[in-house]
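Visitor: I would like to learn how to read a protein model. Can we take the features one at a time?

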Amino acid sequence: MARVCKRIAGIALSLALAFSGAAGAESEISYGDRGNVVRAMQGRLQELGFFSGDVDGIFGDETQTAVKNFQTANGMQSTGTADEETVERMRSEDAVSKDAYLNSLVEQARQKESQIVAQPGDEGDVVLRVQCRLVELGYASGEASGRYGSATAESISTFQASNGLSVTGVVNAATYDALFAGSALPFQTAQPPQDGAEAAGLCLSLGDTGHNVEILQEFLAEYGYYTLEMDGVFDEAVKAAVLQFQRQNALAETGSVDAAMRDMLSSGEVAYETAYAAQLAAQPVRFGDSGAAVRLLQMRLKELGYLSGGVDGEFGTATQTAVSLFQKAHGMEVTGAADELTRARMNDADATPYLKARSEGELAAPIQYGDSNDAVAQLQLVLGELGYYSDDIDGIFGANMLTAVKAFQFCNELEVTGSVDETTRGRIFSLEAVSREAYLAGVEEAEAAALGAVLAGRETYVEFVCRMALEKLGAPYASSSSGPDSFDNSGFSYYIYGLVGITLPRSTQGQGYMTTSRVDRENLSRGDLVCFDTEADDDLSDCVGIYLGDGQFIHASASAGEVVISPMDEGEYGRTFSWGIRPLQ
């Protein structure tokens with residue numbers, strides 16, 4: 001069966017390679033067209049998850065809808081016609097699949113719930129804009145002051161209650177979007193708030209339509225309760241999914257979405273649909289994977305105490321370490337990958353919790369700063385042989401030892417924590433351990449400098465980031481590019497901060513709404529990320545750059561066509577500055 005599937009995939013790929021040339025000759029593939037070119041396109045759309053009909057070579061309604069959805073997910077104009085640009089994107093390895101697009105929407109929705117835009121005590125242009133909008137909608141009166149006090153908090157609470165949002169008195173991104181949306185209810189026509197939890201709830205029920213219903217469908221799909229089209233219509237199928245969700249999550253079975261259900265959906269701490277959960281719980285996952293199967297794995301590891309980080313659906317180093325610890329505690333081969341055997345053992349009711357494994361001697365406690373024993377001395381000896389430690393072998397885990405451990409972790413592609421856990425200990429004593437000399441011999445100058453930044457304080461990080469950014473001055477702007485020779489706007493900051501091991505979100509919006517420390521204009525310092533509201537949309541981070549000091553920042557500019565330095569205190573950027581972000585702590 002697998003061989004047949006591979007053969008079909010191979011045929012589809014060869015046809016896909018052909019349909020690009022055909023599209024170039026005929027300029028576009030459109031409704032009513034027939035033949036192998038259409039069949040190849042349908043196959044590719046099916047592979048990406050946008051098309052579920054028959055691959056019959058007929059460009060009909062289903063194919064047109066699939067093309068529209070593909071274009072939307074890939075940031076293109078949704079025409080339903082596969083022009084040359086659409087076909088080229090479809091063939092690209094960077095084509096965004098339906099699952100990836102839906103996951104990004106869910107993540108955006110979650111970020112909007114948690115990201116604070118303005119709150120009591122804040123001052124500035126953002127608060128002023130919020131207050132002016134509240135006056136415009138009738139929720140406040142008088143002059144906007146730009147200071148967020150109790151009166152503004154009360155007005156925001158009234159707006160949130162009247163527009164189906166969580167009543168907090170704080171402007172998160174979801175509230176901000178709703179406030180400036182064309183569908184925002186004015187005070188005069190807003191429904192009076194209900195008593196109790198309903199006042200704080202986003203009430204959605206049978207017959208409702210719109211973006212909020214689409215977000216609901218995406219959440220229900222992620223947890224396995226809904227498998228139909230994300231069309232923003234609360235129909236009988238959505239109601240059935242809501243009822244099933246409520247039943248399995250011990251909520252009141254109303255068939256409508258209230259505050260309790262909305263909050264549970266966005267929290268991620270939910271019971272997946274039974275059959276779907278069973279399927280995900282058995283699915284092998286490994287480093288680099290993402291999605292619901294990884295999320296369930298993380299939830300189980302967290303429940304057993306092996307994972308101390310967040311449940312984010314991304315299989316990174318923290319999850320890999322947790323899986324390795326679990327395998328070691330249960331006498332399994334330590335691979336760090338959750339194969340079928342590991343997942344089955346993990347799902348057993350008698351799986352050993354982390355603390356129990358520690359107390360029974362199956363796992364050793366991490367060795368960290370402040371420890372003093374023979375184990376530290378042994379580590380110092382080996383790290384010295386590898387070129388990371390050059391102080392006395394005294395068995396004391398002090399500042400020099402901390403630096404050595406961080407350097408070792410960085411050069412060996414481990415999470416840089418400065419603490420010697422099972423994974424780090426195993427690598428230090430393994431034959432695969434990379435020495436400092438071997439690392440430096442095999443990397444470019446920039447990566448070698450990045451090691452120096454890892455070992456130093458914030459000042460060195462900052463100067464390294466600014467120096468590397470300036471070295472890219474004049475590099476060409478290119479859409480969807482993140483270096484090393486060309487960049488789009490967010491790709492530039494993504495690449496530069498990545499040189500010191502800081503992984504930013506890939507989009508301008510994602511970078512602007514990070515949970516890292518936010519700073520205002522007066523408190524900006526060299527090396528901060530700066531964000532600007534340059535587009536007439538609902539978010540405040542459309543352009544980003546790296547602050548160099550003295551009112552100057554460096555960024556990849558679409559209008560200039562290259563990486564440039566621009567002034568922040570005058571012109572467009574002086575008017576549109578939103579806030580700074582401090583990735584370098």
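Visitor: Among contacts in the chain between residues at least 6 apart in sequence, what percentage join residues at least 24 apart?

Guide: The figure is 51%. Keep in mind that this is a predicted model. The chain has 25 helices and ten strands. Of its 585 residues, 45% are buried.

Visitor: How do I read burial? Take Gln160: is it buried or exposed?

Guide: Look at the relative accessible area. Under 20% counts as buried. Gln160 has 0%, so it is buried. It sits in helix H7, residues 150-162.

Visitor: Which side chain makes a polar contact with the side chain of Gln160?

Guide: That of Thr175, at 3.1 Å. A polar atom of the Gln160 side chain also lies 3.0 Å from the backbone nitrogen of Gly169. Beyond its neighbours within four places in sequence, Gln160 is in contact with several residues, including Leu165, Val167 and Val170.

Visitor: Thr175 came up there. Which residue caps the N-terminal end of H8?

Guide: Asn172 does. One of its side-chain oxygens lies 2.8 Å from the backbone nitrogen of Thr175. Helix H8 covers residues 173-180, and six of its eight residues are buried. Thr175 is among them, as are Tyr176 and Leu179.

Visitor: Where is Val130, and which residues does it contact beyond its neighbours within four places in sequence?

Guide: Val130 is in helix H6, residues 125-137. Its contacts are Ile156, Val171, Tyr176, Leu179 and Phe180. With 1% relative accessibility, Val130 counts as buried.

Visitor: Now a helix on its own. How many residues does H13 have, and what distance does it reach?

Guide: Compare the span with the expected one. H13, residues 292-304, has 13 residues. From first C-alpha to last it reaches 18 Å, close to the 18 Å expected at 1.5 Å a residue.

Visitor: Why is H13 described as largely enclosed by the rest of the structure?

Guide: Count the buried residues. Eleven of the 13 are buried, so the rest of the structure largely encloses H13. They include Arg295, Gln298 and Arg300, along with Leu296 and Leu297.

Visitor: At what angle do H12 and H13 pack?

Guide: About 80 degrees, with axes 8 Å apart. That makes H12 roughly perpendicular to H13. Tyr276, Ala277, Leu280 and Ala281 of H12 meet Ala292, Ala293 and Leu296 of H13. The residues of this contact are seven nonpolar, no polar and no charged.

Visitor: What is the general rule for helix faces?

Guide: An α-helix has 3.6 residues a turn, so residues three or four places apart point the same way.

Visitor: Which residues does a cis peptide bond join?

Guide: Gly483 and Pro484, with omega about 5 degrees. Pro484 is in the loop between helix H22 and helix H23.

Terms used. Residues are numbered from 1 along each chain as its sequence is written. This is a predicted model: local features need pLDDT of at least 70, side-chain atom pairs count only at pLDDT 80 or more; totals for chains, interfaces and linings use all residues. Side-chain values use heavy atoms; hydrogens and water are left out. Buried means under 20% relative accessible area, exposed over 50%, partly exposed in between (1.4 Å probe, protein chains only). Helices (H or I, at least four residues) and strands (E, at least two) are DSSP runs, numbered from the N terminus. A polar contact is a pair of N or O atoms within 3.5 Å; within protein, one must be able to donate a hydrogen and the other to accept it, and residues adjacent in sequence count only if both atoms are side-chain atoms. The expected span of a helix is 1.5 Å times one less than its number of residues. Axes are lines fitted to C-alpha atoms, for helices over the stretch in contact, and angles run from 0 to 180 degrees between N-to-C directions. Angles under 35 degrees count as roughly parallel, over 145 as roughly antiparallel, 65 to 115 as roughly perpendicular and the rest as oblique. Contact means heavy atoms within 4.5 Å. Ala, Val, Leu, Ile, Met, Phe, Trp, Tyr, Cys and Pro count as nonpolar, Asp, Glu, Lys and Arg as charged, and the others, Gly among them, as polar.
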